[in-house]
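Please open the structure in a viewer and keep the selection panel at hand.

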Amino acid sequence: MLYFSSQLKTDAAYNTDAENIFSAFFDAGEQFDFIHNTKDIWMRDYMPVKTKSEKFVSFRYEPGYLKSSKEFRTDYREDISFQFNFPVTYSTINLDGGNVVFSPSKTRAIISDRIFSENPARDKDNLIKELSGLLEAEVIIIESLKSDFTGHADGMARFLDEHTVLLNKTDFKNGLEQRQARALKGLGFSVIKFPYYQCGTKSAEGSYLNYLETASHIFLPIFGHETDNVALSTAKRIFCKEIVPIKIHSVANDGGALNCISWEK
């Protein structure tokens, strides 16, 4: 079951995006529901992470970019847990769910190096070891995009399969994506570049990799930009699932896309 924050349908700022999103899910036959008592729409970040054994892990959600905006910081244990009855393992590690990108089997997880600045008092090696145990997965650290205030991995890298990672395609020589590609290839991964364009430092417009994947569909964010057609054709070529484009504007302008606003139980 997929979930969205109830704010997505009640906040007037997202009316058009919400209509596009929910219509696409209805038409595709995907079931979804809403979670209440949230403080913003970014479900992926503050909801528990589900591991390969279907264990749920709730990490501490105190990102640096919300230090001065505590009214937008949802605490799963205090604000949401009463709506569910499944067991949850609570961790004191400070980690946004949007910074955890699992492989299809969930035996590997890509996390950006933002994890270190969010947990400065912890030894890096011990932190990765503890994360690996909690996530039941090999943890792979990639360099974060410094201009992205969230530093999340899910806008930079996604697994196509166990041995192939999708990365944003940029024109910069020896830039971030090139360094990420070299690092991942050094670990034995194949890398495919996925269409991308940057629109400001706080907007997620152009981040096609922040798609939402279900068992049958890839829900691909599009933005009314000329690159949309390239992203669609690329997705149709590499994925063996139906590609459903969803145009979003307000959600992207606020810094996220379809993976950011969803959560699966």
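A residue counts as buried when its relative accessible area is under 20%, and as exposed when that area is over 50%. The model shown here is a predicted one.

**First stop: a ring pair**

Select W263, whose relative accessible area of 2% places this residue among the buried ones, because the limit is 20%. How are the two rings set relative to one another, by distance and by angle? The ring centres of Y3 and W263 are 5.6 Å apart and the planes meet at 45 degrees, so this pair is classed as tilted. An angle under 30 degrees would count as stacked and one over 60 as edge-to-face. Colouring the strands shows what the pair connects: Y3 belongs to strand β1 (residues 2-5) and W263 to strand β15 (residues 262-264). The two residues are 260 residues apart, and the pair thus links distant parts of the chain.

The structure has 23 aromatic pairs in the count. Select F4, F22, F25, F26, F32, F34 and F219 together: ring pairs link these residues into a cluster.

Select R77 with Y90. R77 lies over the face of the Y90 ring, 3.9 Å from the ring centre. Next, select R158 with Y211, where R158 is placed over the ring face at 4.1 Å from the centre.

How many cavities of 30 Å³ or more does the structure hold? There are two.

For the largest cavity, select N94, L95, D96, N99, R114, I115, E118, T150 and H152, which form its lining. The space within the largest cavity is about 60 Å³. Its lining consists of four polar, three charged and two nonpolar residues.

For the second largest cavity, select D45, Y46, M47, V49, S58, F59, Y61, L95, D96 and G97. Which elements give two or more residues to this lining? They are α3 (43-46) and β4 (56-60). The second largest cavity holds about 50 Å³ of space, and its lining comprises six nonpolar, two polar and two charged residues.

To end the tour, select L95 and D96: these residues line the largest cavity and also the second largest cavity.

How values were computed: Residues are numbered from 1 along each chain as its sequence is written. This is a predicted model: local features need pLDDT of at least 70, side-chain atom pairs count only at pLDDT 80 or more; totals for chains, interfaces and linings use all residues. Side-chain values use heavy atoms; hydrogens and water are left out. On a 1 Å grid over the protein atoms alone, a cavity is a set of points where a 1.4 Å probe fits but cannot get out, and a pocket is an open set with protein on both sides within 12 Å along at least five of seven lines; lining residues have an atom within 4 Å of a point. Grid points are joined across faces, edges and corners, and a volume is the space filled by probe spheres set on the points. Ala, Val, Leu, Ile, Met, Phe, Trp, Tyr, Cys and Pro count as nonpolar, Asp, Glu, Lys and Arg as charged, and the others, Gly among them, as polar. Helices (H or I, at least four residues) and strands (E, at least two) are DSSP runs, numbered from the N terminus. Rings of Phe, Tyr and Trp (its six-membered ring) pair if their centres lie within 6.5 Å; planes under 30 degrees apart count as stacked, over 60 as edge-to-face and the rest as tilted. Buried means under 20% relative accessible area, exposed over 50%, partly exposed in between (1.4 Å probe, protein chains only). A charge sits over a ring if NZ of Lys or CZ of Arg is within 6 Å of the ring centre and within 35 degrees of the ring normal.
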